[in-house]
Amino acid sequence: MTPSEFILLTKNVSKRYQNNGSDLLALRGVNLAVRPGEFVAVMGPSGCGKSTLLHLLGGLDSPTAGEVHVAGQRVDTMKESQRAVLRRRQVGFVFQAFNLIGNLSVADNVELPALMAGLSAAEAARRRQSLLEELGIAEKAHSIPSQLSGGQKQRVALARGLVNRPAALLADEPTGNLDSKSAGEVLALLRRYHHQGQTILLVTHDPNVASTADRVIYMKDGLIRDETSLVGSHNPQAILSGLIQLEV
Ligand code: ADP
């Protein structure tokens, strides 16, 4: 298993948080390998370490032990400045809370990461225009986030996450704040980008959301306990069986 075969790879990763003198082992030796173009969902009960794993893969934090590789680059030994470059170029993030910049227009929210990654203003604008068109929100380019619905905000966040054509899109409960219709639309968009070859890692506690993926990983107490392949049958029932076996 060489790191370059995988877009996302962790080897025996652990993460210890220290809070007011008390220690918490959030991850205890996680081995995960995501191939180019795969769509993987990570499930498990609250507090099992899903978001921590996503943060380590996105270079937002570093592990206490073990290796993290993204697009063939070793991340856990990087300095913060190198991780910042990785975050701009190799990963796109979509969060439950959208995390848009409230006083910037939709267009500027999408173009900003492209400009920060060194693209020309013309190229940033071209990519923003084409993503907003694909996502069906081109007419909102000059609105500010507070003028948008939840579903529209998450589309903007998706455009922002994809503007640098990242090796991996990392999504943490991307439908958690949406009504079921908007959630379905955002999932359909994720599927569409996946079919175009985008590698996606999605954290969720919702079997219906996870059923969009090709493979579901189940975590419990900071470890990956099991996984289910959904290739050919995107059936939420298969996921429920996996959860029941783990008693989560
Ligand atoms: P999940 O995403 O599965 O709900 P998390 O990765 O958010 O789980 O959290 C795993 C454990 O680590 C939880 O017990 C949580 O309280 C703890 N934790 C997460 N982030 C921090 C932090 N920054 N500082 C201290 N403890 C944290």
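This is a predicted model: local features need pLDDT of at least 70, side-chain atom pairs count only at pLDDT 80 or more; totals for chains, interfaces and linings use all residues.

Reply: For sorting residues by class, Ala, Val, Leu, Ile, Met, Phe, Trp, Tyr, Cys and Pro count as nonpolar, Asp, Glu, Lys and Arg count as charged, and the others, Gly among them, count as polar. By that division, the lining of the largest pocket holds 8 nonpolar, 5 polar and 4 charged residues. Two or more lining residues come from each of α2 (80–89), β6 (91–95), α3 (106–116) and α5 (150–162).

One of these elements, α3, also packs against α4, with an angle of about 130° between them and their axes 9 Å apart. Angles from 65 to 115 degrees count as roughly perpendicular and those over 145 as roughly antiparallel, and α3 and α4 are therefore oblique to each other. The crossing of α3 past α4 is right-handed. On the α3 side the contact involves Val 106, Ala 107, Val 110, Glu 111, Ala 114 and Leu 115, which meet Ala 121, Ala 124, Ala 125, Arg 128 and Leu 132 of α4. Taken by class, this contact has 9 nonpolar and 2 charged residues, with no polar ones.

Helix α4 (residues 121–134) in turn gives the largest share, 4 residues, to the lining of the second largest pocket, which has a volume of about 240 Å³. That lining divides into 5 nonpolar, 4 polar and 3 charged residues, including Arg 127, Leu 131, Tyr 193 and Gln 198.

Terms used. Residues are numbered from 1 along each chain as its sequence is written. Side-chain values use heavy atoms; hydrogens and water are left out. On a 1 Å grid over the protein atoms alone, a cavity is a set of points where a 1.4 Å probe fits but cannot get out, and a pocket is an open set with protein on both sides within 12 Å along at least five of seven lines; lining residues have an atom within 4 Å of a point. Grid points are joined across faces, edges and corners, and a volume is the space filled by probe spheres set on the points. Axes are lines fitted to C-alpha atoms, for helices over the stretch in contact, and angles run from 0 to 180 degrees between N-to-C directions. Angles under 35 degrees count as roughly parallel, over 145 as roughly antiparallel, 65 to 115 as roughly perpendicular and the rest as oblique. A crossing is left-handed if the near helix is turned anticlockwise from the far one by less than a right angle, and right-handed if clockwise. Contact means heavy atoms within 4.5 Å.
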